[in-house]
Each structure stands twice: as C-alpha cells, then as structure tokens.
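Dear colleague,

I am passing on the structure we spoke about, with some notes on what I found when going through it. Please read them alongside the coordinates and tell me where you disagree.

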Amino acid sequence: MPDIVLDNVSKSFTKQTHAVENLSLTIPDGSFTTLLGPSGCGKTTTLRMIAGLDLPTAGEITIGGTVVFSEKSGAFVHPSKRNLGLVFQSYALWPHLTVKENIIFGLEINSVDKTEVRARLEKVATALRLDSLLDRYTNELSGGQQQRVAIARVLIMEPSVLLLDEPLSNLDATLRMEMRAELKRLHRETGATIIYVTHDQLEALTMSTHIALLSAGELQQFAAPLEIYEKPTNQFAADFLGSPRINFVTASLTSDSLVWGGLKIALPGPGNVNAPQEVLLGLRAEELRLDRVAQKDALVGRILTVLPTGADWFYQVEVAGQVLTIRHNDSVPFSYDDSVYVQPRPSSLKVFDDLGRAIL
Ligand code: ADP
Ligand code: MG
C-alpha cells in the first residue's frame, strides 16, 4: 500500500485567494493522518485534490509511486482509478434499499461474483458491527448506524486509502465518542491508510497517528499528536491544540532564563537565541501548580472562578496582571477569592517570538 506524497501543491479558485498554498506532505502508508484546522483553511480542498475531484493549480501528487497529478508533466489519473474510498459529512444512503443492499451496491454494479460479494459483506458487516442490521431499511437506523453503513459501503470496495471528510459532525456528542473508538479500531484491524478531515482538535488528538495542522491554506506543522501538543512550532499550533486553551503570558528572555512577573525560570540549556527579548510563554492548564501556602519561586494569585468538570477542577486565577486557566486536583478544592501561590511547571518550554515562531 502506498505513501501519498504532496509536493508543493497549490490550489486557487480565484486569482487573489489561495485555498491551499505550497503544501508539501508525505502521508505514510498505514497511517491515520488527520488534516486539522479551522473552517476554510483548505482541508476539504486538499482531500478533494488527493481524490482527484479538484485539480491543483500547481504541484505534484503521487500515490504509491504513481504520479496521479503533475502540473509540469500534465499527468492525471482519474478518481475512479486511484483506489481511494471517500466518505463525506452527509452520507446519502439509498432510503429504498436495505443496509445490505446499500453496502453491496458498488460491487454489484461492478459485477463482482456472488461468492466474493458474500465473503466481503460478512467481513465488513462484522468489522462495523452491522450483522444484525443487514435487513433493515436505512431510515430505520440511528445516525451512528447510518454512519457505519456509509463507511461499510466504501470499505467493501477494499480501497487502499480511506478519505473521510468530517464524517462525525452530524452525530451527537455521545455517538461521536463511540464512533471515534470504532474508527480507531477499524484502522487497527484493516491496516488501511486513513486520511481524516476535522476542525475538532480533540478528535484529531485522540484518533490520529499524524496530524497535518493547516491555517489559511498553509501547513503549520506535521507531526504526531502529542508532539504538536508538547512541541508546537508556532503560536497558532500551541493555541489550536488543547482544551482548555493554552495560557500565554509575556516574559523576558535573557541568555539563561525566562523572567515572568518577577519569577525566574531557568532555560534547559544554552540556547542559540536573541537575548534579551520580549517573548510569549505558553503554559498549559496542567503546567501550573497551585498551593495554599507560600512557596518559593511562586507568584501570588487569586481565584476568580471555580470550574468543576466532574473529573477535574479548573480555576481561573488572576496572577501577574493576567487571568490564567489552571487545572488542579486536590482533595479540598479552592474557593472563589482564595489567595493562592502559582508555580509554573512546564513539561516543555513553549516560547514564541514576536512573529509567533517557537524559539529555544
Ligand atoms: P475547509 O474544508 O478547511 O473548511 P475548504 O477546503 O472547503 O476549507 O476551503 C478552503 C478555501 O477555499 C475557502 O476560503 C473556501 O471558501 C474556498 N473554496 C472552497 N471550494 C471553493 C469553490 N468551489 N469555489 C471557490 N472557492 C472555494
Ligand atoms: Mg471542509
């Protein structure tokens, strides 16, 4: 099965605007790669170019060593010849057909023989837990069941790559959680390459082996989910991943330390940085520690809001002239207006210059 390589791919729908700009990306064979970013950043366009439904205005796309599009050479492989399966947000099942008929539809129009159809149907129905639903009409199914039929219908064609464009966005929160787990299991069991589009950072974090983070048509970072979470290459990446959102505080960078609100944070090693300079330090909610009693190397803060979520306690804390979101789980929760001591405990230093680029 194939790596998918995008080499300097651009797409403009109009002269002035770029939907996708100079995108270079190697999607590894067998990966669960998510195209993540806010609405309008070019995710669907990228997926459609891989599928062959949109033509890039520049660049080259290779699937498993075969050039399927090249602006230079004029190469173009028709979508139906790319061995890709596509599932979109609206899954358009046939209402007058049963689940089984919907799933095998594509095989029948391709005149695949009956024994083969039966064998494949059994396999996908088991994988997607549809065995007991095969004789139902699709309008008798829940949203999640319909979604599984839509995926089964594509999987039965045995594509080497599965392209999914926000397939869970029509489902309610509980079903979305369940389907995330299902898709992850499906990926593990089939070994297919999955390219998944979502604007939901939590979905991307929980499901993907790789995330391509896009903003305004440009690639911001391509890495494993936790690597982006812990080592974002820029302020946008730090801000987009993680819930609650990361805190940014202004700090001064010297040659060997960061100074935030009078507090000194030592740098891990001699950095090759321009010092001194004003920077933004990113601190995630779990990277700040709260204490009732005075600590050295702590800033004084005050609890403004208490936000219990059941498993976790989040606090909005006023500290060094800013309001920060801090996670703290202790047997005795803090209360509104409590005085607290706040210590930064960053697991990785996320420091950004005035252009938002990660430094250190
Ligand atoms: P996403 O899927 O990330 O929300 P899209 O890839 O759909 O974003 O769109 C990227 C940009 O390209 C947007 O600015 C969108 O308005 C524009 N765009 C997408 N499709 C078309 C089209 N068919 N004609 C003109 N502009 C389009
Ligand atoms: Mg889209």
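Two strands are taken to pair if DSSP finds at least two bridges between them. With that in mind, and bearing in mind that this is a predicted model, strand S3 (residues 32-36) pairs with strand S9 (residues 210-215) in the parallel sense, over four bridges, and within this pairing Thr33 has His210 of S9 as its bridge partner. S3 is also joined to strand S8 (residues 193-198), with which it runs parallel, by five bridges; here the bridge partner of Leu35 is Val197.

In a regular strand the side chains alternate between the two faces of the sheet.

The axes of helix H2 (residues 99-109) and helix H4 (residues 143-155) come within 7 Å and cross at roughly 30°; because angles under 35 degrees count as roughly parallel, H2 is roughly parallel to H4. The crossing of H2 with H4 is right-handed. On the H2 side the contact is made by Val99, Asn102 and Ile103, and on the H4 side by Val149, Ala152 and Arg153.

Key
Residues numbered from 1 in each chain as written. Chains lettered and ligands numbered in written order. Predicted model: local features only at pLDDT ≥ 70, side-chain atom pairs only at ≥ 80, totals over all residues. Heavy atoms only, no water. Helix = DSSP H or I, 4+ residues; strand = E, 2+ residues; numbered from the N terminus. Axes fitted to C-alpha atoms, helices over the stretch in contact; angles between N-to-C directions. Parallel < 35°, antiparallel > 145°, perpendicular 65-115°, else oblique. Left-handed = near helix turned anticlockwise from the far one by under 90°. Contact = heavy atoms within 4.5 Å.
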